Amino acid sequence: MSTPAPSLNPAPVVVAVGLSKRFGVTKALSDVSLCVFPGEVRALVGRNGAGKSTLVSILAGMTAPDSGSIHFSGISAPPTHARELWQSKVACVYQHPKIIPTLSCAENLFLHEIMRGRGLISWKAMRRAAREHFDRWGLTIDGDALAGTLNMGQRQLLEIARAVRQGSRFLILDEPTAKLDGKEVDRLLTHIRELKALGVGIVFVSHHLDEVFDISQTVTVLRDGKKMLDRAIAGLAKGELIEAMVGDASAGGVLAGARAAIHPRVARLKVSRLSCPGSFENVSFEVQAGECVGIAGLAGSGKEAIGEVLAGLKLAEAGTMLLDGIHLPGGNVSWHNRAGIGFVPQDRHREGLVLGMSVADNATMAVPDQLGKAGFISPSAVARATRHIIQELDIKTAGPGEIVSSLSGGNQQKVVLARALARDPAALVLINPTCGVDVASRIALFRAIIRVASRGAAVLLISDDLEELEICHRIWVLRSRHLTREFVPPWVARDLVAEMEGMAA
Amino acid sequence: MSSNALNPAARKPYLHLFKVMPSSVALIPVLVLLLIVGSVANDAFLLPANLLTILQQSSIIALLVLAESLVLIAGKFDLSLESTVGLAPMIGGWLVTTAAIGGSGWMVNPYLAIGVTLLVGILIGAFNGFLIVKLGLNAFIVTLSMLILLRGVTLGMASGKTLYDLPPEFTYLGSAVWFGVPASIWICGTFFAVGTFLMRYHRFGRAIYAIGGNPEAARAAGIRVERVTWIVFVVASLLAALAGLLLSGRLGAITAQQGGNMIFTTFAAAVIGGISLNGGKGSLAGALLGVLLLGVVTNILTLSQIASFWIDAAFGAIILIALSVVRLTGGARSQS
């Protein structure tokens with residue numbers, strides 16, 4: 001695969017200079033520049049929260065930058081609200097394809113024309129045009145099939161086909177391979193090479209560094225909203241790339257070394273040969289009293305499912321779970337909770353909270369039996385229990401009766417933790433427990449978690465956040481559905497990331 | 001990056017005072033206003049006899065509103081309640097009437113017939129729950145189909161005729177007067193009192209709110225979402241069967257159209273009373289105020305001798321006005 005020399009195509013498809021964006025007090029992007037020539041694939045990499053999404057959103061015209069300029073093929077970018085104009089300049093394909101599943105593939109391909117056209121729709125002409133188009137790209141897609149019947153890989157290809165058909169010379173692929181299996185990834189990469197040969201400039205966002213090395217010529221690395229690296233892939237060592245992504249994250253961690261004392265040889269939680277189809281296979285580990293064990297893995301690695309099985313939300317296909325020697329049956333949240341599992345789910349808005357209910361209602365939701373007899377709930381018992389936990393977790397709220405939706409994100413997350421702690425759990429299972437919360441809340445949450453461990457509970461922390469994982473005594477990495485490697489402190493953040501990304505550094 | 005967007009601190013500044021009040025409280029001034037209007041419009045309006053008539057007429061629809069409120073708070077729908085109001089007592093009445101007037105001629109023990117009436121309600125609710133919870137069908141379309149099906153069965157059973165000559169035991173609850181007040185008012189009041197208490201202070205009530213507010217979070221907290229939802233459908237249909245029994249008792253007869261069109265008023269009262277169609281919000285007290293408001297309006301319209309052809313139009317307009325007033329004084333905007 002030859003790379004067209006930039007000198008033959010002097011006008012880059014996109015030149016962005018000095019882009020900055022602030023959300024409240026958070027500086028999401030500061031002074032980032034980026035340039036893509038025709039026929040160039042530029043990888044955009046960085047860890048979660050590095051600013052990739054913000055940069056993609058600005059380049060796609062969804063977000064206006066606070067400062068900086070963008071030119072497409074030498075022409076100044078249209079204003080942010082001019083959707084149509086942006087779409088003619090840049091096409092963006094997201095991780096979740098934005099196709100309409102209830103319309104046929106042909107309609108999805110020509111949706112823009114249909115919506116702008118006058119008169120009646122000629123189905124015959126549309127079908128023919130769609131077939132020509134799919135044939136040209138070597139796509140085995142039936143134009144009459146409903147787009148919803150396509151698999152993930154085909155949906156991605158359909159969306160890419162739609163994007164380039166609208167004539168844009170600049171394509172953003174935002175983690176297009178995250179939901180694809182190996183074969184589909186290969187097919188997608190082949191199509192990307194074809195686009196490249198046609199002179200389309202591509203920004204390729206991916207967590208999978210081997211793909212980055214496979215497909216791209218140049219790479220931009222973001223960290224904390226700043227550009228850390230901008231160079232050609234040729235001659236770049238993988239270690240150097242990971243170094244740029246990770247930096248010295250472990251040194252700056254506010255919680256470094258803050259671990260509870262382990263009560264030796266008291267294994268409270270024992271998981272053996274646990275399998276859940278599509279998520280993880282043959283997973284075995286133990287967590288001792290006072291110990292915090294981390295399970296690290298990329299988004300989409302299926303690590304969350306381990307927590308959901310332990311909480312009783314999901315049913316495992318095989319394997320056993322023992323808590324203090326008692327067999328957990330699986331698939332029964334209430335049973336698991338009574339047996340001593342406290343659970344902080346992945347997404348506080350989706351599974352963690354009933355936003356319209358009060359702090360007290362949410363915090364005591366899992367333990368109605370402790371609040372009165374025969375199912376009746378004593379308001380004074382609720383208020384007492386809630387006041388206690390508000391104090392213990394330092395929840396900033398007007399009182400137990402305040403509606404949860406009016407709390408800040410960090411305090412909402414404390415309420416989710418309060419719910420998990422309501423029964424004084426023997427094992428605490430947490431999924432990304434400080435995701436999207438401010439630093440002060442983060443510290444308060446971790447102090448509380450360490451306190452629970454110190455009292456002798458087993459803590460399982462499922463996360464992809466290196467700072468969160470700092471409090472762990474051990475970390476297992478989940479990759480390709482298996483626990484691949486165990487890390488004990490002091491670990492090197494770079495090695496941990498390399499293991500999660502699936503490449504030896 | 002996302003933490004800012006997640007904080008819904010930005011609220012409309014106007015009418016802030018009302019925001020802290022539940023929307024049910026906002027209904028009280030409206031109700032008082034209507035009482036004033038009613039007393040001005042007609043001297044007979046404030047007479048105890050007339051007020052009792054309003055309460056009695058409201059009591060049956062109120063039981064349906066209670067039933068629908070439970071279902072709505074759980075985040076579901078039940079349109080079939082009004083057909084249950086017809087079918088359940090029709091089956092009970094059929095067992096206790098002579099073949100000459102269209103009954104079975106079996107002359108079953110009336111107390112057993114009352115039991116059968118309530119059992120029919122339970123079975124209908126269980127079937128609704130099975131289709132919606134177990135098979136995962138859409139509640140709106142399931143209960144719409146049941147609305148049509150059950151009405152059809154009622155019509156078929158009665159061959160379009162009316163069952164009368166019901167035994168006094170069967171009509172007792174609907175027609176009795178306890179301490180100068182119709183029994184149906186006592187019954188309805190008791191159900192609302194118990195319901196309000198259970199919704200606030202029993203785990204089952206809190207579970208219903210949690211499921212309607214966010215079923216995923218309820219499940220993660222160990223609430224048995226499917227089972228609770230199913231029970232709610234059963235309870236709702238049981239209440240509808242009871243409402244049907246009271247209605248038949250008051251009228252002393254069961255027509256094949258008994259309960260017809262009641263579902264519209266039921267929804268209107270529930271929504272005016274602040275029950276959210278999206279689930280998780282509202283109180284039974286508010287729903288009761290909604291019923292009373294509509295009852296008073298109906299009574300004023302009737303007393304004012306508006307031509308009966310125009311009553312429906314006036315009724316519809318007043319429901320819209322009431323909804324707008326409730327919205328402006330602090331009720332939640334519909335999310336859909």
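Predicted model: local features only at pLDDT ≥ 70, side-chain atom pairs only at ≥ 80, totals over all residues.
Trainee: Let's start with chain A. How many helices and strands does its secondary structure come to?

Mentor: Picture the chain first: its C-alpha atoms fill a box of roughly 75 × 55 × 45 Å along the principal axes. Of its 505 residues, 49% count as buried. As for secondary structure, chain A comes to 19 helices and 20 strands.

Trainee: And what is the radius of gyration of chain A?

Mentor: For 505 residues the globule rule gives 23 Å, and the value for chain A is close to that, so the chain is as compact as a globular protein of that length. Among contacts in chain A with a separation of 6 or more, 70% come from residues 24 or more positions apart. The radius of gyration itself is 25 Å.

Trainee: Which domains is chain A divided into, and how far apart are their C-alpha centres?

Mentor: Domain 1 covers 13-98 + 169-247, and domain 2 covers 265-501. Their contact takes 11 residues from domain 1 and nine residues from domain 2. The C-alpha centres of domain 1 and domain 2 of chain A lie 34 Å apart.

Trainee: Now the open sheet in chain A: what is the order of its four strands?

Mentor: Begin at the edges, where strand S12 (280-288) and strand S15 (326-327) each pair on one side only. Strand S11 (residues 267-276) and strand S14 (residues 318-323) pair in the antiparallel sense over five bridges, and A:Lys270 stands opposite A:Leu322 in S14(A). Put together, the order is S12-S11-S14-S15.

Trainee: Is A:Thr220 buried or exposed?

Mentor: This residue is found in strand S9 (residues 218-223) of chain A. Setting aside neighbours within four places in sequence, A:Thr220 is in contact with A:Leu34, A:Arg42, A:Leu44, A:Lys227 and A:Asp230. The cut-off for the label is 20 or more other C-beta atoms within 10 Å. A:Thr220 has 25 of them, so A:Thr220 is buried.

Trainee: Over to chain B. At what angle do helix H9 and helix H14 of chain B pack?

Mentor: H9(B) is residues 183-201 and H14(B) is residues 284-303, with their axes 9 Å apart. B:Phe192, B:Gly195, B:Thr196 and B:Met199 in H9(B) meet B:Leu284, B:Ala285 and B:Leu288 in H14(B). By class, that contact has five nonpolar, two polar and no charged residues. The packing angle is about 150°.

Trainee: Last one: where does the largest share of the side of chain B that touches chain A come from?

Mentor: In all, 26 residues of chain B are in contact with 35 residues of chain A. Helix H1 (3-6), helix H10 (203-213) and helix H11 (215-220) of chain B each supply at least two residues of that side. By class, the chain B side has 11 nonpolar, nine polar and six charged residues. Its largest share, six residues, comes from H10(B).

Technical notes: Residues numbered from 1 in each chain as written. Chains lettered and ligands numbered in written order. Pairing = 2+ DSSP bridges. Axes fitted to C-alpha atoms, helices over the stretch in contact; angles between N-to-C directions. Contact = placed C-beta atoms within 7 Å. Nonpolar A, V, L, I, M, F, W, Y, C, P; charged D, E, K, R; others polar. Buried ≥ 20, exposed ≤ 12 C-beta atoms within 10 Å, placed from the backbone. Rg over C-alpha atoms; globule rule 2.2 N^0.38 Å. Domains from an automatic or database assignment.
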